[in-house]
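Hi everyone, thanks for coming.

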Amino acid sequence: MQKEKLIELISLGDSTWKIADKLNTTQPNVRYWLKKYDLQTNRKINDLGDKKLCPKCKLTKSKDDFYKSTKGSSYCKSCIVDSLEDRRKSVKQKAVDYLGGCCSKCGYNKCIAALEFHHLNPREKDKNYNVLKKNFDKFKPELDKCVLLCANCHREEHHLLTKDI
């Protein structure tokens, strides 16, 4: 990779990702050559002090608004929380659709938040159930052990199982 070409692209304000795209190579390869030539992109040169730019929401925020991570996540806390919430909702919607989209007892389907997954045999429930819910493909085998119930029917079902109250 030519040093002069890298200097030219850096002067245009390009990130390592943009440089990689323009040179038809990978971003790690660009980083390798930048380090070899002792170069930095403008983003590394600009010192924001105790501030940091979130590339998702495009806001400059205090470094306290970012998680300290060994992975070096560059998104702010609120963008990460929003992303997790979006993924959680997406997985639940797919799971509800997979099990028919409505309560298997009464047909309720007005509010997805009121639809719950009832394990037909509680002893077969995977101990990592909540972890599985993060990825729909990993969640499917667990869903095959469940029926979809609305909150009211779910409570009634558990009442019948425990004969409580």
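Let's begin with helix α3, where the cover over the buried residues includes α1 (3-11) and α2 (16-22); covering here goes by contact, meaning heavy atoms within 4.5 Å. Before going on, please note that this is a predicted model, where local features need pLDDT of at least 70, side-chain atom pairs count only at pLDDT 80 or more, and totals for chains, interfaces and linings use all residues. Residues are numbered from 1 along each chain as its sequence is written, and side-chain values use heavy atoms, with hydrogens and water left out.

Helices (H or I, at least four residues) and strands (E, at least two) are DSSP runs, numbered from the N terminus. Which residues of α3 are buried? In this helix, residues 27-36, they are Q27, V30, W33 and L34. Buried means under 20% relative accessible area, exposed over 50%, and partly exposed in between, with a 1.4 Å probe and protein chains only. Looking down the axis of α3, the buried residues fall within an arc of 120 degrees, so they line one face of the helix. That arc is taken from the directions from the helix axis to the C-beta atoms. On the face turned away from the buried side, you'll find the exposed K35 and K36. After α3 comes D38, with a positive phi near 55 degrees.

Now over to α5, residues 77-98. Its buried residues are C79, I80, V91, K92, A95 and V96, and their cover includes β3 (115-119), α7 (136-143) and β4 (146-150). G100 follows α5, and its phi is positive too, near 105 degrees.

How values were computed
The expected span of a helix is 1.5 Å times one less than its number of residues.
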